[in-house]
Structure formats: C-alpha cells, structure tokens
Amino acid sequence: MVSEMIDYVAAAVGIVLVFVAAVFFFNGMVTNGVAYATIRNQALQAQSLFDYILLTTGSPANWGTSYQTPSAFGLAAPYSQPYTLSAFSVNRLIKPFIQTIGNTNYYVENTTGTLVIVPKNYYVNYTYVKQILNITGKFEFQITIQPLLSVRVIPLNSPRSFNVLVNSYSGVPMEYASVTGILIFPQKTNPNSPSEILTFSNTTSANQQGSAKLVFSNAPTNMNVGYYVLVTVNAGGLTGKGYYTNINPSQTLAYVALYPNQVNITQHCAVQNSPPCGVDVFNATLLIPNGASGYSLKQLVCSSNSINAGQGQGNTKKYATCNFQLIDGFIAIAIQQVGNSQINSDPQILLVPLGLNQVGGAVVYGANPKGSVAAFTLSRVVQIGGVSYAVNVVYWSDYGPVYGG
C-alpha cells in the first residue's frame, strides 16, 4: 500500500515537472519568436528608410540649391538615375563650425582652405530630420558618405611637380590608375588690375603602388602665389577626386559667403584688423567641369572688381556681390592687394567647391551608434556628380533591445 502511494506521488511529481518544463520551453519559444519578429521588422524598416533617403529627392525637390528647410528628407538628385545623389543636398549635411571674427559669430565651412560663410539655416539639423522621417523616440541612424577612391596630392621639391597617391576604399593601392591634374594659377597683369586666372593640365598614370608623378611643365615657375591643384582619377571603373593648395586659411585675403543666386566676397579687414590691408582687386570666375579636357571658365558679373573695408568702419565697399547660378563646379576668385605698400605682393586663388564631390570630400551625419546593442548596417554604391561613393547607413532602436531566451 505504501509503495503504491509512493508510485502515485512520483507520477504526480513527474507530470508537474513535465508541465513546468513545457511552460518554460513554450515561453522561450514565444520570447525568441517575438525577438526574431522584432529584429526582422527593424531590418525591414532600416531597408525602407535607406531606400527612401537614397531614391527620393525630398521636398521641395530643389531644397539643396534653394537653401529652404525641407519638409521631406531625401538625397536623390532630381531627374537622375537611381542612386545618383544631389551634391548640394549632401553638402547641407556638413555641420558648419561657428567662428568669431571681430565681434561677430559666423557659420563657416572649410572644405578646401577657403573660408566659406553659410546662412544660419543652411545646415539641416539631425533632430529635425528624425521628426520629418517620423522616427523620433523610436530609432536613431547615422549616414556615412565616403569616396570609393582616396586621392592624396603631395607637392614635391621640384617646382610644378606633385605626387598623387590613389588607394581604394579599403586602403589598397590602385595600380595603373589614370590621373588628370589641373593647376589653377593666378597671373598678375599689372599692379592695379585683377589677376588673370590661368589653368594648366596634364595626364599621367599611377604605377603598381598607386603612385603617380604629375608635372605641369608649361606653368610659371613662381609657385609663391596662392594656387590649387585639382586631380581626377579613374581606376577600375570608378572615379575619384583630390586637391592640394598652398594657401593657409588664416592668410586668405577675403571671406566668401554663398547664397542660392549670388556670392559675396568680403575683405577680411571688414571683420578683423589683422593683418592690415588697403584695397584688394579680384576676378571671379565659374569653373564648370568639361569632361576630360578639364574646366571651362565663365566670368561672373560682380558689383565691383575691388573691395576696401576701411578697417571695419562700415565702408560700403568692404564687399562685392557676384551673381551666378548654383551648378556643379567651383567658384575661383583671383585676388591680390594693390597700393604702394603691396605692389609686389603675390596674388591668391580662393577656390570654393560647389559640391563636396568636386574635391572627394566625405560626410558623417546623425547619431553615434557606439554602445548600441543591436544595429543594422546597409551599404550602397552611389554617384555624386560623376564621382563614386559608398553610402553606409547604421540604424538602431533608441528604446532598448529585445532579448531572446
């Protein structure tokens, strides 16, 4: 009788244990299923967001060139092939820094050594973009836009000679890459007239180490002037850009302010009194990409060809306004000091790229994914103004992960 009772108890305990184990197993399956469904849903959302940003222009479609605040966010170039981005929209993802000049704070960009003043609302704030994408309080993201070819231009000891190093996105030397260089050079005509903008070009090939020597043998030997070298590289079906300048941003003779249909050239004495200066004369020109032949030059119509700040005392001639249409290319400004004390001073070129693609620039925009438990990374090769770029988007939840069993 006792043994039968023990058997019944043992059987009951066994049934309970089996039931408890089944409950735990079922709960684990449900939890894992919920976690899998959540992760899968987030991955689909990341892909959807990625395609939306890269395949739509946003609204208005010309928000990159009109400097309007977009009501919808997209980076695609209007009327273009899929995965072709607008250089002007991408530019507005570059956060300017605030620089105090004199007693005034300016929003400034420095992509090529020339200080460019941009409007206060030029930069499109990440928090605002999350709002119009309807992901505030739900998800975070980071966009990285980086050229597929890294192009470095290094001056050599011999005049007019440069070394060009071409590497892939991963740092591998691109052997036998085709290299075309353009030297943008200011040439004095007479002491009191604007300098002429000259261009010199040459083409060469990289060796097995991805290194090429670029020589502008027909250029002037006086390399003390402020000049730029622009390089275009083709390798493995990809196009990359690079540049070099000998100009120190702190020594430029003027600041440039960009607006949708005009550019203002302001003498540095208008906002600071050091170094002192009198009158600067200048020549402003659009450099428009013209295929393998380099750039075609289009003279800008300006309100004046000279600026004179009067040491910051409100002289209306402290700046000049030039009208132009925002297109791919550069604004090149040949500028020099004139007057008895500066008669032998060397001119400069101020070069403003009208798209980061023109100089192989990169952008990182958004939050920092460091520390996120579960993040999704998506990648795509795109074109920006004919230059090959890799776009990476990292997407993650900002309210914590869902753990499986």
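Leaving aside its neighbours within four places in sequence, which residues is serine 388 in contact with? The close-up views below, taken from a predicted model, begin with this residue and then move on to the sheets and to a salt bridge.

View 1. Serine 388 has its place in strand S26, which covers residues 387-397. Once the neighbours within four places in sequence are set aside, the residues in contact with serine 388 are Pro147, Leu148, Leu238, Thr239, Val382 and Gln383. With glutamine 383 there is also a polar contact, made from side chain to side chain at 3.3 Å. Serine 388 counts as buried because its relative accessibility is 2%, and the cut-off for that word is under 20%.

**View 2. The five-stranded sheet that includes strand S26.** Five strands form an open sheet here, in the order S3-S25-S26-S7-S24, and their pairing is mixed. The edges are strand S3 (84-85) and strand S24 (363-366), each of which pairs on one side only. Within this sheet, strand S25 (residues 375-384) runs antiparallel to S26 and is joined to it by ten bridges. A reader who wishes to follow this pairing residue by residue can look for threonine 377, which stands opposite valine 394 in S26.

**View 3. The salt bridge between glutamate 140 and lysine 130.** The structure holds one salt bridge, in which the side chains of glutamate 140 and lysine 130 meet at 3.1 Å, N to O. Glutamate 140 lies in strand S7 (residues 139-147), whereas lysine 130 lies in helix H4 (residues 126-132), so the pair ties together parts that are ten residues apart in sequence. Are these two residues buried or exposed? Both glutamate 140 and lysine 130 are buried.

**View 4. The three-stranded antiparallel sheet.** In this view, three strands form an open sheet in the order S8-S9-S12, with antiparallel pairing. Strand S8 (149-155) and strand S12 (211-215) are the edge strands, and each of them pairs on one side only. From one strand to the next, the twist averages 25°. Strand S9 (residues 161-168) runs antiparallel to S8, and seven bridges join the two.

Conventions. Residues are numbered from 1 along each chain as its sequence is written. This is a predicted model: local features need pLDDT of at least 70, side-chain atom pairs count only at pLDDT 80 or more; totals for chains, interfaces and linings use all residues. Side-chain values use heavy atoms; hydrogens and water are left out. Two strands pair if DSSP finds at least two bridges between them. Helices (H or I, at least four residues) and strands (E, at least two) are DSSP runs, numbered from the N terminus. Axes are lines fitted to C-alpha atoms, for helices over the stretch in contact, and angles run from 0 to 180 degrees between N-to-C directions. Buried means under 20% relative accessible area, exposed over 50%, partly exposed in between (1.4 Å probe, protein chains only). A polar contact is a pair of N or O atoms within 3.5 Å; within protein, one must be able to donate a hydrogen and the other to accept it, and residues adjacent in sequence count only if both atoms are side-chain atoms. Contact means heavy atoms within 4.5 Å. A salt bridge is a side-chain nitrogen of Lys or Arg within 4 Å of a carboxyl oxygen of Asp or Glu.
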